[in-house]
Every structure is written in structure tokens, then in C-alpha cells.
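Good morning, everyone, and thank you for making time for this.

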Amino acid sequence: TETAMTVLLTRPPGQNQSLVLACEQRDLPFVELPLIQIVPVQEDQQQKQLVMDLDQYDVIIFISTNAVDFGMSLIDQFWPQLPQLKWYAVGSATGEELGKWDQVAETPDVPGSEGLLALPGLQRLDQQKVMIVKGMGGRTLLTEALTERGASVAELSVYQRQPVSYSEEALNKLFTSGALGYVII
């Protein structure tokens, strides 16, 4: 009988669940080896001020499920009752995550910044204030496009990606075993 090749899963800790389930359903052996971890940004006064000023914004956009997890936890510290805003999520998973916070967000049919920018409510933003909740770094397309459309945009960075380190011995053992057949990055 042919031996199934092991699948290497590299997503951050806690974010491989759907891939683990898919491997288990197919009786595929797998190894989890996260390449990055998602950690909160060190809170600073600028970040706190942005959150405290949330009621001065018209639109809030969440870029990922991580942005929801870390951002809503931070917002909840200052806003037990949220101000009236137009809520947007980059995709359905992010929208579902906001639903856990009792927020309904408009999501694009095509996930991503390009999909968000195609939504009717984000076409004309003359003198509207938009807050984008996101991780540190990343693409600037959304901020630039919304600014061109007349919005005043603030970015609230609530998490960052950090590399995960492994010993050379552990990596050599994994990669020289001959069992790895697939890597999902």
C-alpha cells in the first residue's frame, strides 16, 4: 500500500482548524509548524486616542478576523455601547467575526480591498471620517483610494505578525524525514 505524504501546515497558531479538519477527513497525516504568530500591538497613547474618538467617525472597516479579534477587544474597553457607524468587513469570515460582537457589517462579494472599494457605500466619501482597523504594515491601497474619494482616513493598527523560531535540529528532522509531501503556506 502507498503511504500518504504528510502535509505541513504553516498558518499562525489557532488558524489551521479548517486545514486540520480537511486533512483528518481525508486521512492525511499532517504537521503544524506555524511560520508566524499574531500578537497584539503594544498599546500607546495614539492608539487609545483613536479608539476614544471612535464616535467622531462615520465608517469603520475591518481588514481581517485578527483585526476584529484584537480591535473589538480594544474598542470594548472604551465603548461598552458603540456609537452609530457604518460597518464594513473585508470578507465574509471577517463579517462573521464581527457578528460575534453583535455588529452587522457590509461585506463585498469579492473579498479583499478591491472588493471593498467596489461597494456603493464607499464610492463618495466627501468629508467623511473612516477608521481602518488592521495589522501593522500591509497594503496601502484602501487608505489611498478612500482618501482620493474624499475621506479622512485613520489607521488603527491592533496586531502584528512575528516570525516563529525553531531549532535547526527540529527543522532538519522534519525536512529530512522524507515524509513531507505538501506544504501549505
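This is a predicted model: local features need pLDDT of at least 70, side-chain atom pairs count only at pLDDT 80 or more; totals for chains, interfaces and linings use all residues.

Let me begin with helix α2, which covers residues 45-52 and in which Gln47, Leu50 and Val51 are buried. Seen down the axis of α2, these buried residues fall within an arc of 95°, so they line one face of the helix; the arc is taken over the directions from the helix axis to the C-beta atoms. Buried here means under 20% relative accessible area, exposed means over 50%, and partly exposed is in between, using a 1.4 Å probe and protein chains only. Helices (H or I, at least four residues) and strands (E, at least two) are DSSP runs, numbered from the N terminus.

Residues are numbered from 1 along each chain as its sequence is written, and side-chain values use heavy atoms, with hydrogens and water left out.

On the other side of α2, Gln45 and Gln46 are exposed. What do the buried residues of α2 pack against? They pack against α3 (65-78), β6 (129-135) and β7 (152-163), where contact means heavy atoms within 4.5 Å.

At the N-terminal end, α2 is capped by Asp44, with a side-chain oxygen 3.3 Å from the backbone nitrogen of Gln46.

**Charged pairs**

How many salt bridges does a search of the whole structure find? The search finds four, a salt bridge being a side-chain nitrogen of Lys or Arg within 4 Å of a carboxyl oxygen of Asp or Glu. In one of them, Glu114 pairs with Arg139, and their closest N and O atoms are 2.5 Å apart. Glu114 lies in helix α5 (residues 113-117) and Arg139 in the loop between β6 and α6 (141-148), so the pair ties together parts that are 25 residues apart in sequence.

Another salt bridge joins Glu155 and Lys134, with the closest N and O atoms 3.8 Å apart. Glu155 is in strand β7 and Lys134 in strand β6, so this pair links parts that are 21 residues apart in sequence.

**The nonpolar cores**

A nonpolar core is a set of buried Ala, Val, Leu, Ile, Met, Phe, Trp, Tyr and Cys residues joined through side-chain atoms within 4.5 Å. The largest has 24 residues, and those with the most contacts inside it include Ile60, Trp87 and Met131. At least two residues of this core come from each of α2, β4 (59-62), α3, β5 (86-89), β6 and β7, and α3 gives the most, with five. Finally, there is a second, separate core of 15 residues, which includes Tyr88, Leu116, Leu125 and Leu146.

Terms used:
A polar contact is a pair of N or O atoms within 3.5 Å; within protein, one must be able to donate a hydrogen and the other to accept it, and residues adjacent in sequence count only if both atoms are side-chain atoms.
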